[in-house]
Amino acid sequence: MGRGRSAEYGLCAGTGRGLCGQALKMVVNLSAKQKSRTATMRVFYLVPVIGVLAACDPAIPDSAAGVGFNTPEYQAQREAVLQGQTVTGDPLIPPSAVSSEGLPPLDPSTAAPTATAPLQAPTQTAAYVPQPGDTSDDIARETAAALAAANGNSGVAPVEASPSNPAPALVSNPGISDEQDFQAVASRESIQSDAERIAQNRASYQVVAPTALPQRDTDGSPNVVQYALSTSHPKGTQIYSRAGFNLAAKAQRNCAAFASPDQAQIEFLSNGGPQRDRKGLDPDGDGYACGWDPAPFRRAVQN
């Protein structure tokens with residue numbers, strides 16, 4: 001490969017670049033012509049194949065026109081039927097399309113007995129066709145007559161809504177209960193029987209006498225409810241003296257150890273409160289530890 005390319009470069013160098021360039025152009029043009037000829041041959045072979053496939057495709061019948069419904073004969077027969085005329089000529093279905101083969105005879109031994117009711121032949125009524133000279137009253141009268149005739153064909157009179165119509169019959173309706181039925185109750189109860197029943201109920205009353213309230217079981221800890229009712233000064237009023245430095249910060253740190261103000265107040269009263277504040281829970285000296293408020297207990301007693 002190296003030698004061939006070196007020889008080609010040597011030829012180009014020896015004969016001049018003009019000759020070498022022309023040779024390369026001839027090679028490129030020859031390749032382009034071969035590609036074009038190949039593409040042409042492919043198209044030449046594909047066109048007959050496509051034609052053969054198109055010829056083999058079956059034709060799709062046109063079903064939009066229907067089956068014999070747009071013929072002039074059918075349209076003429078249809079218009080004649082609508083006008084109430086007698087249809088003459090060939091029927092819509094040719095006799096050749098109807099089979100003349102009869103049904104097999106029915107075996108009475110295998111057939112199940114069935115009860116059949118006689119059928120009533122419907123009354124044939126001619127269709128009303130408005131005429132050019134008819135008025136609105138004529139059309140309304142003819143329409144009412146046609147509706148009446150149609151109702152007579154079914155054998156059942158139409159239902160007309162009216163307040164005078166009787167109530168419909170109830171099917172499998174249990175009705176109201178016996179205790180809610182006035183007639184049933186009046187048949188077995190009276191004023192005298194009601195008075196006797198009331199007297200019996202009063203005689204069976206039992207009056208329960210009030211007794212003393214039981215004592216509350218305690219573990220010996222102070223009762224915050226009793227302490228709240230024994231005081232009368234509001235929260236924040238100083239009653240007792242407190243000595244020390246930074247009492248508010250100390251009380252805030254110590255109150256954080258309790259889950260509720262009630263527990264803090266019980267601990268405060270258990271350790272000498274309210275006169276003494278050994279754990280630093282009442283910095284303002286009102287006798288209430290950690291913001292405990294006796295006002296809700298006082299309001300409960302007043303209500």
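These are my notebook entries on a predicted model of a protein chain.

**Entry 1. Overall make-up**

I began with the secondary structure. The protein chain has ten helices and zero strands, and read along the sequence it runs α-α-α-α-α-α-α-α-α-α. Next I looked up burial: of its 303 residues, 10% count as buried. The accessible surface of the protein chain is about 25900 Å², and carbon and sulfur atoms hold 59% of that. I also looked at contacts with a separation of 6 or more; residues 24 or more positions apart account for 63% of them.

**Entry 2. The largest nonpolar core**

Which residues make up the largest nonpolar core? I listed ten in all: V224, Y227, A228, C255, F268, L269, L281, Y288, A289 and W292. Helix 7 and helix 9 are the elements that give two or more residues to this core. Helix 7 gives the most, with three residues. I noted for context that nonpolar side chains tend to be buried together in soluble globular proteins.

Not counting residues up to four places away in sequence, V224 touches D262, Q265, I266 and W292.

**Entry 3. Helix 9**

I went through helix 9, residues 261-270, and found A264, Q265, F268 and L269 buried. Why do they sit on the same side of helix 9? The reason is that they cover an arc of only 130° around the axis. The buried residues of helix 9 pack against helix 7, which spans 224-230.

Just after helix 9, I found G272 with a positive phi of about 95°.

**Entry 4. Aromatic rings**

How many aromatic pairs does the structure hold? I recorded four. Ring pairs link Y227, Y288, W292 and F297 into a cluster. Y227, Y288 and W292 were also on my list for the nonpolar core.

**Entry 5. The loop between helix 7 and helix 8**

I took the residues of this loop in turn, starting with T231, which lies in the loop between helix 7 and helix 8. T231 counts as buried because its relative accessible area is 13%, and the cut-off for buried is under 20%. The side chains of T231 and Y288 are joined by a polar contact of 3.4 Å. Beyond its neighbours within four places in sequence, T231 is in contact with Y288, P294 and R298.

H233 is found in the loop between helix 7 and helix 8. Is H233 buried or exposed? I have it as buried, at 15% relative accessibility. A polar atom of the H233 side chain lies 2.7 Å from the backbone oxygen of D286. Leaving aside neighbours within four places in sequence, the contacts of H233 are I239, D286, Y288 and R298. Y288 and R298 are also among the contacts of T231.

I239 has its place in the loop between helix 7 and helix 8. With a relative accessible area of 44%, I239 is partly exposed. Setting aside neighbours within four places in sequence, I239 is in contact with H233, G285 and D286. I checked one of these pairs by C-alpha atoms: I239 and D286 are 47 residues apart in sequence and 5.2 Å apart in space.

N246 is in the loop between helix 7 and helix 8 as well. N246 counts as exposed, at 58% relative accessibility.

**Entry 6. Helix 8**

I looked up R253, which lies in helix 8. R253 counts as exposed, with 56% relative accessibility. R253 and G280 are 27 residues apart along the chain, and their C-alpha atoms are separated by 9.3 Å.

**Entry 7. Backbone exceptions**

The background here is that most residues other than glycine have a negative phi, and most peptide bonds are trans. I noted N246 as a residue other than glycine with a positive phi, near 55°. C290 is not a glycine either, and its phi is positive at about 55°. C290 is found in the loop between helix 9 and helix 10.

Which residues does a cis peptide bond join? I found G273 and P274, with omega about 5°. P274 lies in the loop between helix 9 and helix 10, the latter being residues 295-302.

Notes: Residues numbered from 1 in each chain as written. Predicted model: local features only at pLDDT ≥ 70, side-chain atom pairs only at ≥ 80, totals over all residues. Heavy atoms only, no water. Buried < 20%, exposed > 50% of the residue type's maximum accessible area, 1.4 Å probe, protein only. Helix = DSSP H or I, 4+ residues; strand = E, 2+ residues; numbered from the N terminus. Arc of directions from axis to C-beta. Contact = heavy atoms within 4.5 Å. Phe/Tyr/Trp six-rings, centres within 6.5 Å; stacked < 30°, edge-to-face > 60°. Polar contact = N/O pair within 3.5 Å; in protein donor to acceptor, adjacent residues only side chain to side chain. Areas by Shrake-Rupley, 256 points an atom, 1.4 Å probe, with all protein chains shown as cover. Core = buried A, V, L, I, M, F, W, Y, C linked by side-chain atoms within 4.5 Å.
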